[in-house]
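Dear colleague,

Please find below the structure that I am handing over to you. My notes on what was found in it follow directly after.

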Amino acid sequence: MTAQRIHPADLVVHGGVVHTFGPAGTVTGLVVRDGRIVAAGGDLTGHIGPDTEVLDLAGRTVLPGINDAHLHATWLGARWPHPLLGAPHEETPVVTAEDRRAAILRAGDVCAALGITSYTEPGLGPGETGCFSAEVVDEYAALQREGRLRTRVTVLRLFGLLDGASSLADFERGLATPAPTADPEWLAVTGVKIFADGIPPMRTAWTHHCYADGSHGALLVDGSDDDERAATLAAMISLAHEAGLVVGVHATGERSIEAALEHLRAGDHLVHGDLVTPAQLRRMAGRGVGLTTQPAIATAMRPMVATALGEDVAAKAWPLRDVLDVGVQLTLSSDAPVVTPDWRVHLAAAGELLGARGVTSELTARLLRCYTTEAAAQDGSAAWKGSLDPGKVADFCVLGADPVVVPLADLPSVTVELTVTGGRIVHKG
């Protein structure tokens with residue numbers, strides 16, 4: 001019997017710590033060919049040929065590429081490097097196709113430098129202009145055809161106003177408009193985003209709690225009263241399901257969460273979930289409804305929630321420990337440019353919310369999965385990305401230190417030294 005011939009790799013990475021987040025666990029090297037992982041293990045010298053690029057990690061650490069499940073990339077590109085919270089800044093106007101293209105490409109540079117290889121751009125549609133217009137989706141498709149995207153993109157379309165009202169008629173018209181065709185591994189338009197309510201600090205979250213002026217907020221979708229608005233929200237979710245789309249519902253108040261949860265199904269998710277209750281979390285876990293939340297926004301806004309609704313309500317907001325304990329499919333994200341897109345900052349903030357002290361390797365690894373494997377599952381791509389298993393795309397980042405042996409509070413100091421997307425180096429620090 002003759003030995004099976006191994007085809008030389010395009011890239012071999014060795015000599016470090018490689019967290020695959022897959023069945024292989026933690027190994028010391030990877031083999032990449034044609035943009036995909038072909039092996040993960042120890043001695044990989046048999047894969048090296050005369051044209052193979054060999055990267056010696058010299059003890060550094062590899063993670064699967066970071067997947068930000070809620071990042072407004074075009075808006076980020078227009079504002080960079082100025083986040084919305086705490087940094088007054090006149091963002092670059094986005095009016096023309098060239099403006100849109102420049103913003104997307106700038107965001108791609110920012111993401112690559114942070115080890116982000118995938119993100120979900122939530123809320124692009126015909127009712128909006130500038131960074132959130134339907135034309136942004138067309139620009140993404142054009143850049144994908146030209147091979148200029150450095151980050152994989154999932155889009156959720158919006159058939160209403162950002163942080164504002166939507167009508168059932170506009171929603172139906174939006175669903176009838178076609179999305180551009182593209183390579184789904186680089187640009188996938190998989191679902192819709194619906195704004196159920198606003199946020200507690202603006203007193204627009206729909207809640208049983210009482211704001212200082214005696215109000216409780218309301219659903220943002222059209223309707224003459226609470227019941228009619230809830231029925232409109234339910235109809236929108238049903239129409240999206242009939243169209244074969246996943247649904248992401250922006251809901252922060254526990255009343256809006258309840259109204260949406262009645263109709264969401266496995267594969268859908270809630271965005272933010274500021275005032276979600278333990279009972280709602282248990283229902284979400286049982287039904288396979290996910291949650292996408294932003295720890296750095298939570299730590300920044302908790303005092304604002306206290307001002308709007310009181311210290312007792314603020315203390316129970318963003319119950320990350322309950323989310324982890326009941327097993328809700330959790331994805332962590334930035335909502336950039338509301339705050340920084342830096343996932344290291346958000347993991348540090350998650351540690352603060354959880355009261356983590358010192359090195360918490362198991363917890364850190366679990367939170368990292370919320371930025372990798374869980375995010376891939378949420379956007380329906382777990383079969384081909386999210387972990388570094390043979391057959392999956394070669395999306396990974398190289399860090400200066402192993403994050404699972406660094407205290408969560410110290411993660412922002414860990415350097416991102418290399419980012420690879422589809423086997424191609426897109427950032428080298």
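**Surroundings of T20**

Leaving aside its neighbours within four places in sequence, T20 is in contact with G25, V27, A40, P64, S387 and L388, where contact means heavy atoms within 4.5 Å. This is a predicted model, in which local features need pLDDT of at least 70 and side-chain atom pairs count only at pLDDT 80 or more, while totals for chains, interfaces and linings use all residues. Residues are numbered from 1 along each chain as its sequence is written, and side-chain values use heavy atoms, with hydrogens and water left out.

T20 lies in the loop between strand 2 (17-19) and strand 3 (26-27). Helices (H or I, at least four residues) and strands (E, at least two) are DSSP runs, numbered from the N terminus. With a relative accessibility of 0%, T20 counts as buried; the term buried means under 20% relative accessible area, exposed means over 50%, and partly exposed lies in between (1.4 Å probe, protein chains only). The side chain of T20 also reaches the backbone oxygen of G25, at 2.6 Å.

**The two open sheets**

Strands of a sheet pair through backbone hydrogen bonds, either parallel or antiparallel. In these notes, two strands pair if DSSP finds at least two bridges between them.

Strand 1 (residues 11-14) runs parallel to strand 6 and is joined to it by 4 bridges. V12 stands opposite V54 in strand 6.

Another open sheet is formed by 8 strands in the order 8-9-10-11-12-13-14-15, with parallel pairing. Strand 8 (66-68) and strand 15 (330-332) are at the edges, each with a single partner strand, so one side of each lacks a neighbour in the sheet. The twist in this sheet averages 25 degrees from one strand to the next.

Within this sheet, strand 12 (residues 246-251) and strand 13 (residues 269-272) run parallel and are joined by 4 bridges. The bridge partner of H250 in strand 13 is V271. Strand 13 pairs with strand 14 as well, in the parallel sense over 3 bridges, and here V271 stands opposite T292 in strand 14. In a regular strand the side chains alternate between the two faces of the sheet. Strand 14 (residues 290-293) is covered on both faces: G290 and T292 on one side, and L291 and T293 on the other, are all buried.

Helix 3 (residues 134-145) has 12 residues and should span 16 Å at 1.5 Å a residue; its end C-alpha atoms are 18 Å apart, which agrees. The expected span is 1.5 Å times one less than the number of residues. The buried residues of helix 3 are V136, V137, E139, Y140, A141, A142, L143 and Q144. They pack against helix 1 (73-79), helix 2 (97-113), strand 9 (116-124), strand 10 (152-158) and strand 11 (187-195). Just after helix 3, G147 takes a positive phi of about 70 degrees.

In helix 4 (residues 168-176) one finds D170, which is partly exposed at a relative accessible area of 36%. D170 and G127 are 43 residues apart in sequence, yet 8.5 Å apart in space, C-alpha to C-alpha.

Q280 belongs to helix 7 (residues 278-287) and, at 4% relative accessibility, counts as buried. Its side chain makes a polar contact with the side chain of E258 (3.1 Å). A polar contact is a pair of N or O atoms within 3.5 Å; within protein, one must be able to donate a hydrogen and the other to accept it, and residues adjacent in sequence count only if both atoms are side-chain atoms. Leaving aside neighbours within four places in sequence, Q280 is in contact with E254, I257, E258, L261 and L275.

**Cysteines**

With a disulfide defined as a pair of cysteine sulfur atoms within 2.5 Å, the count comes to 0 disulfides. The sulfur of C111 is 12 Å from the closest cysteine sulfur, in C397, too far for a bond. C370 is in no disulfide either, and the nearest cysteine sulfur, that of C397, is 16 Å away. C111 is buried, with a relative accessible area of 0%, and C370 also counts as buried, at 4% relative accessibility.

Yours sincerely

Note on methods
Axes fitted to C-alpha atoms, helices over the stretch in contact; angles between N-to-C directions.
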